[in-house]
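Dear colleague,

Please find below the structure that I am handing over to you.

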Amino acid sequence: MPRQGAFGRQLRSMLFKASVSDEVDAELAFHVEMRTREYIARGLDPELARAKAVGRFGDIKRVNDTCRRIGEGRERDMRRAEWIHELVQDARYALRQLARMPGFTIVAALTLAIGIGATTAIFSVVHAVVLRPLPFTEPDQLVRLYSSRRGTDGSSSAANFLAWRERTKSFSRLVPVEYRNFTLITSDRSPEQVTGERVSADFFPALGTTFRLGRGFSKEEDQPGRANVVVLNERFWQSRFNGDSSVIGRTVRLNALEHVIIGIAPASSDVLSQDAKIWVPIAFTAEERADSRKGYLDVFARLAPGVSMAQAQSEMSAIAKRLETELEDNRENGVRLASLTQTFVGQYRSRLLILLGAVGFVLLIACVNVANLLLARGATRGKEIAIRAALGAGRGRVLRQLLTESVVLAGVGGIIGLGLAFWSVRLLKAAAPSEVPRLDQAGLDVPTLAFALGATLVSSIVFGIVPALRTARPDLQGALRAGGRGSGTVTRDRVRQLLVAAEVSLSLILLVGAGLLIRSAILLQRVQPGFETSRIFTAWVALPPAQYDSVASVRLAYERIMAEVRAVPGVESAAGVTVIPMTGLSAQAAFIPEGRADDPSNSISFNFRIATPGVFRTLGIPVKQGRDFDDRDVAAAPCVLIVNETAARKAWPNENAIGKRIPGVRGPDGNRIMCSVVGIVGDAHDDGLREAVRPQLYFASAQAPAPLWNAMQRSMFLIARTTSEPGTMTKQLQAAVARVDPTLPLFDIRSMDERISASLATGKFNTVLLAMLGAIGLLLAAVGIYGVVAYFVTQRTGEIGLRMALGATPKQVLRLVVGQGMRPVILGIAVGAAFAAAGSRLLSSLVFGIGTTDPVTFALVPIVLAAVALAASVIPARRAIRVEPTQALQS
Amino acid sequence: MAVAAKDLHGTLDALVLKTLSWGPRHGYAIARWLEDTSREELVIEEGSLYPSLYRMERRGWIEAEWGESELGRKAKLYRLTAVGKKQLRAETEEWARFAGAVSRILLPA
């Protein structure tokens, strides 16, 4: 029996390809026949011989079935093995191909790496900050409740909260949170100011907290007089107590009262304020319970099983409607519900999703570029493909080969991209403003890696499919002709031009977005804050209620502190004020100016603050009319007010505000204390440069009544204009305050310049990122345009030579070639501008001082883009006019 | 008395491999060779032989191709592969150990 070679076997199996079932039938029939012959040879009658052979075989049907099953299994194994073998072969072939053209491979892989890397990095941040569920039990059931007046969300009063909790059936738990500051004193260190929250016993159960150590608050501890317990935030416990587990049961002094540490809660429990270091029971006093005026509670709740947000909202609205008249001073006080997750990631959601979209554009541009490169390369590979097709590779097989090359190419790009993403995420985390929640958890985690893999595969299809379909087209004759320039060239050029138009559109949209933000940043820079920012020291100080229980003691303490601070050498002037610009803090109160009807529609919401004399001089806010507070404004003197220009305009339009009166807060006798305006000061952008100036109202610190001081937690910002850098004065100023009360810590010590730049950090970060993405997009688009024109020049060298031989001037040739490059650019700019005009609305919350269809941006960006495109096409076009006609015609 | 090869568990594979070590054969020829060589002491049952052949083909111990039989008819011929040769050696050793152990017990010297 001659042995056949592998080729022969393959050939024969192709020609004689029987099904497994036919083969088994034939084989078994053959066996029976041979056995029959054997019996005949032994002398049996043929009929009998056959019967005996069949009988001896037994259950032929069962054997047949068994064999067919095993045989088919083998076929499956082989097909799988063959598929894997081909894949490995294709991948190897692809790697060889890529290695053969290192220039192409490096450019394409780097282009993809930039696209995939940037997309992955931004996704990692978006995932960490926005997409990941909050780390609580069923976070979707958690709801934020706002007291809302005329469309403005605010904090809630205790009376309102308690009435809600008593009446609602929509929530399984309703939790009040008061954010506040505490003076913490332990035996081993000097007093320090810590931020924390007063919360009800429901707080931790509502979140579903698992305690690291110890426990939460019991119902009994959530009552006045018993609330001397405290839970520490795990992060604070680590940094302040070195993670010492023996702190449980230890006693510390908080605001001069002893508290026992009973538990350590995970850092994520800090769901509303982002920087609560400790929690104490809220333990409402009888006085607090009755108060429906002072809004200081942030309320969240867990929906009862089966209750939807809409149902809860309608129930709460009905409850609030009744409470408007039942509670004192509660008119127009509604309730608004929002998902806690949404409030938590709030503003970052839209910003980050815009960034993710922008970075997706960069990836798309990268894909279009690589598609263009592949198309150009496909043209030169026509011959190779045709030979493979002639050798029997079907179109599907060739297509698969080409797509495998794309996947391998994208894989190389993806691996480099992951490296880029790793560094970008670290860079982003270091550069991002610190208040972005959960950003520290961004990294190359499993979802991010899965995203990178997905981005790699999807982009390999996106950039690979069109070139592969074109290249795999069985255009045998054309391709096999010498020169390999088939009839496909014209259509291929058109496809390439469309791709260029697409990437120009994409980068135009990207650049318009970046341009709008850059313009906003420039305009923002020009905004006058309305106060001096340099050489101003600021720090926060709060007087604990236990030691400073009377208004008189509070006033006296601040008087003495100011005197000490002003005496410090290097301090030009100093003052105290309850709220300073750029802190994000504000205290609001609504008053009706004297002489207007007592109707809610006449009330004006003021940002109010308590100030010592000298605030305006220290902050450099001009006194436009009247005077600053001074020694005359003592407790016994008539109540005086200072307003800003916006307040004056709003309360007394077209009138002089000086001397006008406002009934302020209620005095001890229950009547409102009438205060008159003695000064008008310039407007200052207190809430940030972006925000419009609100009406402001200043009370004199020596006159401000107890309710105002209590609302501000008896705290003030200490501001001092210094002769040298404010940072160098910290020690002296701390010492000055300690001379008045050594247990008073200074908190949040920063210069005004630092506060301003911090307030702009988030916007700046966004602008810089989007500008960088726009620049990358522009660069990639330029590379793409350059590629197309350069390819055009190489393909048409002969034609160009002919034209020049026939007398075309270099100028004409230049115009022909550049025109070829610019036609898709013009189309792309037109289409891109239309999309940008429609889509830029998404940026409306981020722009400042301009509309989202800002004409300057929409004029400048196309000009820049066209100029870059022109440059990118002139460079290869200049090569064309240097072509020697004779040389060109010979080639 | 003749013994059915399937009663010697796992031995049929080894016997088939051994048969094929003399050259390619079709199923019937394998059965006949085993019967003849064992002087009809072994009865090879078709119901065991063919599944065994298909299994070993799937495992890659033997490979099959259609060729001419002695009578000029198409027959499926099996051939030992390199893997099959290795398997045969392993099974032979295994059998020797097994037979030795059984002999020491049943036929003490």
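How many helices and strands does chain B have? Chain B has 4 helices and 5 strands, where helices (H or I, at least four residues) and strands (E, at least two) are DSSP runs numbered from the N terminus. Along the sequence, their order in chain B is β-α-β-α-β-α-β-β-α.

This is a predicted model, in which local features need pLDDT of at least 70 and side-chain atom pairs count only at pLDDT 80 or more, while totals for chains, interfaces and linings use all residues. Residues are numbered from 1 along each chain as its sequence is written, and chains are lettered from A and ligands numbered from 1 in the order in which they are written.

Chain B comprises 109 residues, of which 34% count as buried (20 or more other C-beta atoms within 10 Å of the residue's own, with C-beta atoms placed from the backbone). Of the contacts in chain B with a separation of 6 or more, 55% join residues 24 or more positions apart; two residues are in contact if their C-beta atoms, placed from the backbone, lie within 7 Å.

Between the chains, 18 residues of chain B are in contact with 21 residues of chain A. On the chain B side, α2 (27-37), α3 (46-59), β4 (62-68) and β5 (74-80) each supply at least two residues. The largest share, 8 residues, comes from α3(B).

In chain A, helix α3 (residues 46-57) has 12 residues. Just after α3(A), A:G58 takes a positive phi of about 85°.

Yours sincerely

Methods:
The expected span of a helix is 1.5 Å times one less than its number of residues. A residue is buried if 20 or more other C-beta atoms lie within 10 Å of its own, exposed if 12 or fewer, and partly exposed in between; C-beta atoms are placed from the backbone.
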